[in-house]
Amino acid sequence: MTSGLWELVLKGLWTTIQLLVFSGLLATAVSFAVGIARTHRLWIVRFLAGFYTEVFRGTSALIMIFWVYFVLPLAFGWQLVPMWAGTLALGLTYGAYGAEIVRGALNAVDPAQREGGIALSFTPWQRMRLILLPQAVPEMIPSFCNLLIELLKGTALVSVMGLGDLAFSGNLVRLALQESAEIYSYVLLIYFVIAFLLTRLMRGLEKRLKAGVGKDPGTEKTARELKRAQTTGVGAASGGAA
């Protein structure tokens, strides 16, 4: 492959990374805003947050990209460039999935912790910021890691708008060289390397956050295995013999 074609692939890689970062930031902001709203004491707030989640989770990300890029200009007169149209569509769609991760992690915090905050006369925002989020965020990281990798793979959908991401550039190179196996193998390898780096980064973040609240991942794993053995009886005998 010539240097010019490699340059085309690298430009596509840079576009994919930019799209991943921008849409990931938007999805994170949406996840926390909507996820916290899903636990609000007012039903109307919970209803609106749930409506948003169901609409964006129940529609196709590809169709949402088409809608933002082709329908939004006709409806509101706003023509977004492909990068921002892709960021908006992917961020809102994957943010709906992230909102459920946030809601689940907040509800999993021991109710006694919330009651302790009430007993100390904390405001709802103080309870959220000082008690609930510090304990819930480390538990969200594994699920957010999976969602981030799904978002990485979802960035390939923007090629339908003609945005020159990694998949789009790889296809151009394939058409130029007529070597599908080699080019698509390279593209697969690049996606795998990015996903692997994201996994390692998120795992390191999870350990750091759990250490910040006094949790040891190794101890937690042992505790889960012990609880599973006590519940199911599997492994209990060997543990007792040891």
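Trainee: How are H5 and H6 oriented to each other?
Mentor: Keep in mind that this is a predicted model. Helix H5 spans residues 111-119 and helix H6 spans residues 124-154. They pack at about 165°, with axes 10 Å apart. Angles over 145 degrees count as roughly antiparallel, so H5 to H6 is roughly antiparallel.

Trainee: Which residues of H6 does H5 meet?
Mentor: Start on the H5 side. Gln113, Arg114, Gly117 and Ile118 make the contact there. By class, the contact of H5 with H6 has 3 nonpolar, 3 polar and 2 charged residues. The H6 partners are Arg127, Ile131, Leu132 and Gln135.

Trainee: What is the handedness of the crossing where H5 passes H6?
Mentor: Look at how H5 passes H6. The crossing is right-handed.

Trainee: Now H1 and H4. How are they oriented to each other?
Mentor: Helix H1 covers residues 3-37, and helix H4 covers residues 82-108. Their axes come within 6 Å and cross at roughly 40°. Angles under 35 degrees would count as roughly parallel. The angle therefore makes H1 and H4 oblique.

Trainee: How many charged residues are in the contact of H1 with H4?
Mentor: H1 passes H4 in a right-handed crossing. Sort that contact by class. There are 17 nonpolar and 10 polar residues. The charged count is 1.

Trainee: How is H1 oriented to H7?
Mentor: Helix H7 runs over residues 166-177. The axes of H1 and H7 come within 7 Å and cross at roughly 160°. That angle is why H1 to H7 is roughly antiparallel.

Trainee: Which residues of H7 make the contact with H1, and how many charged residues take part?
Mentor: H1 brings Leu5, Leu8, Val9, Gly12, Leu13 and Thr16. H7 brings Leu166, Ser169, Leu172, Val173, Ala176 and Leu177. Together they divide into 9 nonpolar and 3 polar, and the charged count is none.

Trainee: What helix percentage does the chain have over residues 183-201?
Mentor: The unreviewed UniProt entry lists this span as a transmembrane region, along with 12-37, 49-70 and 76-97. Take residues 76-97 as well: 77% helix, 0% strand, and end C-alpha atoms 27 Å apart. In residues 183-201 the end C-alpha atoms lie 27 Å apart, with 0% strand. The helix share of that span is 100%.

Trainee: Last one. Which residues form one aromatic cluster?
Mentor: Begin with the total. A search of the whole structure finds 10 aromatic pairs. One cluster is formed by Trp43, Phe47 and Phe51.

Definitions and conventions:
Residues are numbered from 1 along each chain as its sequence is written. This is a predicted model: local features need pLDDT of at least 70, side-chain atom pairs count only at pLDDT 80 or more; totals for chains, interfaces and linings use all residues. Side-chain values use heavy atoms; hydrogens and water are left out. Axes are lines fitted to C-alpha atoms, for helices over the stretch in contact, and angles run from 0 to 180 degrees between N-to-C directions. Helices (H or I, at least four residues) and strands (E, at least two) are DSSP runs, numbered from the N terminus. Angles under 35 degrees count as roughly parallel, over 145 as roughly antiparallel, 65 to 115 as roughly perpendicular and the rest as oblique. A crossing is left-handed if the near helix is turned anticlockwise from the far one by less than a right angle, and right-handed if clockwise. Contact means heavy atoms within 4.5 Å. Ala, Val, Leu, Ile, Met, Phe, Trp, Tyr, Cys and Pro count as nonpolar, Asp, Glu, Lys and Arg as charged, and the others, Gly among them, as polar. UniProt positions are given in the numbering used here, feature names are shortened, and annotations may be inferred rather than shown by experiment. Rings of Phe, Tyr and Trp (its six-membered ring) pair if their centres lie within 6.5 Å; planes under 30 degrees apart count as stacked, over 60 as edge-to-face and the rest as tilted.
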